[in-house]
Amino acid sequence: MFPYPSGTLHMGHVRVYTISDSIQRFRRMQGYDVLHPMGWDAFGLPAENAAIERGAHPAQWTEVTTCSPEYYRWTQYIFLKMHEAGLAYQKEAVVNWDPVDKTVLANEQVDHEGRSWRSGALVERKKLKQWFFKNLLTDIDLLKNWPDRVKQMQRNWIGKSTGAEFEFPLNTPIGDVKSLKVFTSRPDTIYGVQYLVVSPEHPLVKKDTLPVAQAASVLSFVEGLKKVQNMEEAEQSKKGAFTGIHVKHPLTGDDLPVYVAPYVLADYGTGAVMGVPAHDKRDWEFCHVNKVVDKVKFVVEPSIQELDKPFDYSEPFTAQGVLNAASGPYAGLKSKQAMKAIMSDSQKIGFAKAATQYRLKDWLLSRQRYWGAPIPIVHCPECKVVPVPESQLPVELPLDVELTGKGGSPLANAESWVNCKCPKCNGPAKRETDTMDTFVDSSWYYMRYTDSQNTSLPFDPVKASEHLPVDIYIGGVEHAILHLLYSRFFSKFLLKSGAYMETPGTIPGNGEPFNRLLTQVEQRQAPTYPKNPKMVATGETPLMSFEKMSKSKYNGVDPVSIVKEHGVDCTRLHILYKAPPSEVLEWEDVSIVGMQRWLSKVLRIAEAASASSGAVAIPPIDKMSALERDLYRHTHQTIKQVTDAMSNTYSLNTAISDLIKLSNTISGTPLEPSSPVYRHAARSLVTMMSPFAPVMGEECWETLNGGDAASVFSQSWPQWEEKALEKDSVECIIQFNGKTRLSLTVPIATASDASQIEKLVRNDPQGQKWLGDKAIRRTIVAKNGKLVNFVI
C-alpha cells in the first residue's frame with residue numbers, strides 16, 4: 001500500500017486498505033509467502049499545500065518515505081539513467097499553468113472542465129521550458145486480469161491513430177519554411193481540403209513570419225487565448241483567425257487559406273491540420289462560423305443511397321463511402337481502396353508518407369514547487385545542461401525555506417542551494433530549480449519494496465526478479481490513467497535496462513508491473529453542501545443524496561470517530577459488506593449495528609462449541625445423520641464460495657453474506673454443540689471470518705480452543721470436500737401436461753427413475769389431486785430429476 005498523507009484520512013482510505021488487508025490475510029492462511037508492505041507517498045503538491053495550511057514544514061509531519069533522501073536518491077538515479085538513454089529531455093512547450101498553485105500540471109491533472117485537479121482553478125496556457133519523459137507504451141492486450149474498462153481508458157488516453165502526413169507547399173516561402181505538414185487519418189478526403197489550420201503556438205504564428213496586414217489581428221487573437229479558459233471549451237472552440245498565409249494544394253493546384261485556432265494542439269501530430277468541412281463535423285462548424293469558403297466541397301458519398309432521395313448537402317458526411325467525381329482519378333473507389341491508392345501515388349511524388357500519431361503526450365514532469373525530488377541537473381554557462389554525477393546523489397532539498405504557496409518554487413530563492421559548481425568544469429553554475437512530479441516517486445515504489453534497505457542500488461535485481469510482477473494491485477479507478485500508465489512506463493524501462501529480469505512464462509510479461517488489477521470505485525457520503533439539494537430535472541428534494549468523499553473537499557467521514565463508536569471489526573465488515581470493490585459505496589453508519597449483532601452471534605457459537613470437552617473425530621459422511629450431513633454440506637459449500645470470492649471474483653461482500661448464512665444455519669441447527677460436525681462448522685466459520693474481522697477472529701478462536709491456542713492466522717485456510725457438496729435429495733418440480741402443479745423432495749438415488757417418482761406422486765395428496773387414477777401416456781424426466789412432466 002502507498003497512501004498519500006496530505007490530509008486527514010476518511011472512510012474511503014479505510015475501504016481500500018481493508019480490502020488489501022483482508023486479501024493478504026487470506027493468502028497467508030493459504031500458505032503463500034506474502035509481501036504486503038506499507039509506505040507513504042509523502043512528496044508532492046498536496047503535501048506542500050497541507051503543510052502551508054498547518055504552518056509547518058512538510059518534512060515535520062509527513063512520514064519518511066518518498067520524501068526521505070534515502071528514497072529520492074534512487075528516484076534521481078533512475079532519472080539520470082533515463083536521461084542517459086535519451087528518455088528524459090528538456091524543451092520549451094505550452095503547458096497547463098495553475099495560477100493559484102503557481103505550478104505546471106500534466107494533461108491528466110486537468111479535469112474535463114479545464115480545472116486543476118487540486119486547487120480547482122481554471123488552467124491557463126503558458127509557454128515554459130520543461131523536463132519531459134518520452135512515453136513509449138504498448139502491450140495493453142497482455143493485461144488479461146485488468147478490468148476491460150480500465151484497459152479501454154488507457155487505450156483512449158494513448159489514442160493511437162494511423163494515417164498519413166501530407167505536405168502543402170507555401171505560396172510564398174517564409175525563411176527556411178517552404179511547406180506545411182499535416183496529419184490526417186482520412187487520406188480519402190484529400191481532394192476535399194479547403195483550408196489548413198495551425199495551432200496558436202505554431203512557428204509560423206510570429207510577428208516576423210506573418211504578413212504585415214494580418215500580423216496585429218492574429219497576434220491579438222492568440223494573446224487572448226492565453227487568458228484563463230476552460231480547456232475543453234478551447235478544444236471545441238469554433239473561433240479562428242486568418243493568418244494571411246496561403247498554401248498550394250499539390251493535387252488540385254488550388255490556393256488554400258491558412259487559419260489559426262485553439263482546437264489544434266501544438267504537440268499532437270505536426271501542429272497543423274487540414275480542413276475538410278464536408279467530411280468532418282468540427283471543420284464544418286469552423287468553416288461556417290469563420291466564413292472560410294462560399295461552397296463546401298463534397299468528395300465522398302454514401303455507398304448505398306435511396307434512388308428517389310437526393311444526397312443531403314446540408315450537413316457533413318463523416319462516414320466512409322465512395323469517392324465522387326470531385327476526387328479526380330480516384331472517383332468510384334471505396335474509401336479504403338482510395339486511401340491505399342492515394343497514399344501510393346502521393347508517396348511516389350513525395351507529397352505524403354504513412355504515419356502513426358498518439359494522443360498520449362510525453363510525460364511533463366517539471367513542477368515549480370518545493371516539495372518534490374530535485375531534478376539532478378546543473379545548468380552551466382559553459383557546459384550547458386550537466387547531469388549530477390551519481391556519486392553526488394542525492395541532491396537534497398534545503399530545509400531552511402519559507403513556504404507561502406505563492407510566487408512559484410521557493411527553491412529559486414534559495415541562493416545558497418541554487419548556486420553550485422559545475423560537475424564538468426568546476427566553474428560557477430546553478431541547480432535546476434524545478435522538482436519532479438510526485439508521480440515519478442510513486443511509479444517505482446513497489447520495486448523498492450522488494451529490497452527497501454539497499455544502499456547500493458534502487459533494489460537488488462535478483463530480489464526484484466523473484467517478486468515481480470505484483471500479483472494484485474488494489475487502488476482507485478481514478479489512477480487508471482495517471483499512476484498506472486506511469487508505473488507501466490517505469491517498469492518497462494527498468495526491465496529493458498537490466499535492473500531486473502523476467503523468467504519465461506511470466507504473466508503478464510514484457511515488463512508489465514501488475515498482473516491483476518482490482519479497482520476500487522469512489523466512496524460517497526451524505527452531502528455537506530448544499531444542505532438541501534434539489535434534483536435538476538424535477539426540482540424535487542431527494543430522499544437521500546451522496547457526494548464523493550475527498551481530502552480536497554474536506555468532507556471525509558473521520559474513521560477514528562467511527563472506530564471509537566462501533567469498533568474496528570464492525571467498521572471493516574460494514575465497509576466491505578455494503579458494496580463490492582468495483583461499485584460505488586454510499587457510506588452511512590446507521591446499519592453498522594447489523595455487523596455488531598452478527599459478531600455477537602459468532603461469539604455465542606464459539607462459546608457454545610467450546611463448552612464441549614475433548615476433540616472427537618468427524619464421522620465419515622455416510623455415517624452421519626441427516627442433520628449432520630446438512631450442516632456439513634452447508635459448511636463446505638460456504639468454504640468453496642468464500643474461497644472463490646477471495647481468489648477470483650473479489651466480491652468480498654458476497655463472501656461475508658455467505659458467512660452470515662452459515663452462522664444462521666449453525667445457530668438454527670438442532671445438533672448439539674458437542675457434535676464434531678457442529679464444532680467443525682464453528683471452527684470453519686471463525687477461521688473464514690478472521691481476515692475480515694481479525695480482532696474478533698482472534699477472540700473467537702481463543703474462545704474455541706482455550707487461552708493457550710496459537711493465533712487463528714497460524715491456521716490453514718479450510719478446504720472443501722467435493723463429496724460433502726453432494727446432496728442426499730433433490731427438489732423435484734412436478735408438471736402435468738407441461739403445467740407445474742407441485743414439488744417433491746426426492747432421494748438422489750431415485751431422482752432419474754420415472755417409475756419411482758410416479759409412485760411418490762401418487763402417494764402425495766397434491767399429486768393424487770391432479771393425477772388420480774388417470775393413465776400416464778408418457779413421462780419426461782429432465783435436469784437429472786429436478787423436473788418431471790407427466791403427459792396424461
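# Close-up views of a predicted model

**View 1. Helices H16 and H20 pack side by side.** Helix H16, spanning residues 593-610, packs against helix H20, spanning residues 694-705, at an angle of about 20°, and the two axes lie 8 Å apart. H16 is therefore roughly parallel to H20, an angle under 35 degrees being counted in that class. The crossing in which H16 passes H20 is right-handed. From H16, the residues Leu599, Val602, Leu603, Ala606, Glu607, Ala609 and Ser610 meet Met696, Glu699, Cys700, Thr703 and Leu704 of H20. Sorted by class, this contact of H16 with H20 holds eight nonpolar, two polar and two charged residues. As with every view in this set, the coordinates are those of a predicted model.

**View 2. Helices H3 and H13 cross at about 70°.** Helix H3 (residues 69-84) and helix H13 (residues 483-496) pack with their axes 12 Å apart and at an angle of about 70°, which means that H3 is roughly perpendicular to H13. H3 passes H13 in a left-handed crossing. On the H3 side the contact involves Ile78, Lys81 and Met82, and on the H13 side Phe489, Phe490, Phe493 and Leu494. Six of the residues in the contact of H3 with H13 are nonpolar and one is charged, while no polar residue takes part.

View 3. The axes of H15 and helix H18 (residues 652-668) cross at roughly 115° and come within 7 Å. Leu573, Leu576 and Tyr577 in H15 meet Leu652, Asn653, Ile656, Ser657 and Ile660 in H18. This contact of H15 with H18 comprises six nonpolar and two polar residues, with no charged residues. His574 also belongs to helix H15, which runs over residues 568-577. With a relative accessibility of 2%, His574 counts as buried, because the limit for that class is under 20%. When neighbours within four places in sequence are left aside, His574 is in contact with Trp587, Glu588, Asp589, Ser591, Ile592 and Met595.

**View 4. Lys178 is an exposed residue of strand E5.** Lys178 is placed in strand E5, which covers residues 177-184. Its relative accessibility is 55%, so Lys178 counts as exposed, the threshold for that class being over 50%. Lys178 touches Pro169, Leu170 and Pro173, residues up to four places away in sequence not being counted. Between Lys178 and Phe168, which are ten residues apart in sequence, the C-alpha to C-alpha distance is 8.7 Å.

View 5. Most peptide bonds are trans. The bond that joins Leu468 and Pro469, however, is cis, with omega at about 0°. Pro469 lies in the loop that runs between helix H12 (461-467) and strand E20 (470-476). A cis peptide bond also joins Ile507 and Pro508, where omega is about 5°. Pro508 has its place in the loop between H13 and strand E21 (514-520).

View 6. Most residues other than glycine have a negative phi. Lys291, which is not a glycine, has a positive phi near 50°. Lys291 is found in the loop between helix H7 (281-289) and strand E10 (300-301), and with a relative accessible area of 71% Lys291 is exposed. Asn510, likewise not a glycine, has a positive phi of about 60°. Asn510 is found in the loop between H13 and E21, the loop in which Pro508 also has its place. With a relative accessible area of 44%, Asn510 is partly exposed.

**View 7. The protein chain as the setting of the close-ups.** The protein chain contains 23 helices and 28 strands. Of its 792 residues, 50% are buried. Among the contacts in the protein chain with a separation of 6 or more, 68% are accounted for by residues 24 or more positions apart. The protein chain exposes about 37,900 Å², of which carbon and sulfur atoms supply 51%.

Terms used:
Residues numbered from 1 in each chain as written. Predicted model: local features only at pLDDT ≥ 70, side-chain atom pairs only at ≥ 80, totals over all residues. Heavy atoms only, no water. Helix = DSSP H or I, 4+ residues; strand = E, 2+ residues; numbered from the N terminus. Buried < 20%, exposed > 50% of the residue type's maximum accessible area, 1.4 Å probe, protein only. Contact = heavy atoms within 4.5 Å. Areas by Shrake-Rupley, 256 points an atom, 1.4 Å probe, with all protein chains shown as cover. Axes fitted to C-alpha atoms, helices over the stretch in contact; angles between N-to-C directions. Parallel < 35°, antiparallel > 145°, perpendicular 65-115°, else oblique. Left-handed = near helix turned anticlockwise from the far one by under 90°. Nonpolar A, V, L, I, M, F, W, Y, C, P; charged D, E, K, R; others polar.
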